[in-house]
Amino acid sequence: MPTAQQSSSTAHPLPLAHYRLFDSHDLDEAREFVGRVFCPHELATLHPGAQLDACHHSVPLHRDASLNYVQYGPAVRIEPGHLAGFYLLQIPLRGGASVRCGGQALESHALRATLPSPPEPLSMRWHEDSPQFIVKIEREALQARLSALLHEPVHKQLVFGLGVDLANPTLMGMASFIAYLRSAVETKAFLLGHPVLAEQAESHLLTSLLLSTQHNYSAALAAGMAAPGSAPVVLPRVVKRAQEFMHSQLELPLTLADVCAHVGVSARSLQQTFAQCTGRSPMAFLRELRLDAVHAALLQPAPSERAPQVSDIAARYGFFHLGHFAESYRKRFGETPSETRQGSGLPRH
């Protein structure tokens, strides 16, 4: 017999509804199932006699991150203790929660997410009717990405500020990207079925989280150095090497961290040097290179029966959102991809 949660989701599907792990009114069952994805924890309702209306939907993004929807219904107390080996970005979809992590405590709501860190003991009180969209990221992957951005080993544990103000303009890009990931998964876009795209999406998610939120390495990232007193490497040769590397990797899922690792500087140093020398960021330069490569491919003569479609050429160079690709292409070349192809004498498809 379907539960109330299942019946309501028929008319109004819950987030990530295609990836349901369980739904239950039983406290022990909810604790066990949620613990399998996150970690063992204590779970109890805050009001005697309250009936649980719990469910957990979860889908891996690639290797090191997953998207999750969790609801309990009534107000609950959750005591995970220390998180095992992962970080959780917890975004209330409505309602909120009282969250304490180490020496930090705050009230979360739809515009203030929480980001507890593994080294700190975690305790939460979710308010009644307060479902949350949760991004889980593996600790080792995030630390590795931080090390790549700094171009230095990371010796201390990465610890985030507990509160994440989603109304802050500096965080809107990351919030919008998470919303895009949720939409892509829910509409069963080919994101999850395309390993290269899924890897790129996960990489961008980790980098965005590190560069836009506050943590104990934020100052080092902003200063372009791995430790106080060390000097950033700012050389014109760095830009040339970065450009050559990007030219050679146009069809691969290249990230800012990859370029920094190749040329041997921090992300901040490379961004500053690039801006000084070229007037744009490294990733903007790479995007222009890839647009130029698509343009050249569309102009390349080939028998009409063997001519690849525009979407295939775009995907080859990392453009998977055709609407955004077409807009960027038109801004750069003053015409649509189909018009370029028509000028080459090939079919416009």
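This is a predicted model: local features need pLDDT of at least 70, side-chain atom pairs count only at pLDDT 80 or more; totals for chains, interfaces and linings use all residues.
Me: How are two packed helices described?

Reply: Good place to start! Two packed helices are described by the angle between their axes and by the distance between those axes. Here, take helix H4 (residues 172-186) and helix H5 (residues 195-212): their axes lie 10 Å apart, and the packing angle is about 155°.

Me: Are H4 and H5 roughly parallel or roughly antiparallel to each other?

Reply: Angles over 145 degrees count as roughly antiparallel, and therefore H4 and H5 are roughly antiparallel to each other. The crossing of H4 past H5 is left-handed.

Me: Which residues make the contact?

Reply: From H4 come Met174, Phe177, Ile178 and Leu181, while H5 brings Ala201, His204, Leu205, Ser208, Leu209 and Ser212. By class, this contact of H4 with H5 has seven nonpolar residues, three polar ones and no charged ones.

Me: Now the largest pocket, please. How much space lies in it?

Reply: The largest pocket holds about 1500 Å³ of space. Its lining counts 46 residues, and those nearest the centre are Phe177, His204, Ser208, Met283 and Arg287.

Me: Which element supplies the largest share of that lining?

Reply: That is H5, with ten residues. Other elements that each give at least two residues to the lining include H4, strand E12 (163-165), helix H9 (267-278) and helix H10 (282-299).

Me: And how does the lining of the largest pocket divide by class?

Reply: There are 21 nonpolar and 21 polar residues, along with four charged ones.

How values were computed. Residues are numbered from 1 along each chain as its sequence is written. Side-chain values use heavy atoms; hydrogens and water are left out. Axes are lines fitted to C-alpha atoms, for helices over the stretch in contact, and angles run from 0 to 180 degrees between N-to-C directions. Helices (H or I, at least four residues) and strands (E, at least two) are DSSP runs, numbered from the N terminus. Angles under 35 degrees count as roughly parallel, over 145 as roughly antiparallel, 65 to 115 as roughly perpendicular and the rest as oblique. A crossing is left-handed if the near helix is turned anticlockwise from the far one by less than a right angle, and right-handed if clockwise. Contact means heavy atoms within 4.5 Å. Ala, Val, Leu, Ile, Met, Phe, Trp, Tyr, Cys and Pro count as nonpolar, Asp, Glu, Lys and Arg as charged, and the others, Gly among them, as polar. On a 1 Å grid over the protein atoms alone, a cavity is a set of points where a 1.4 Å probe fits but cannot get out, and a pocket is an open set with protein on both sides within 12 Å along at least five of seven lines; lining residues have an atom within 4 Å of a point. Grid points are joined across faces, edges and corners, and a volume is the space filled by probe spheres set on the points.
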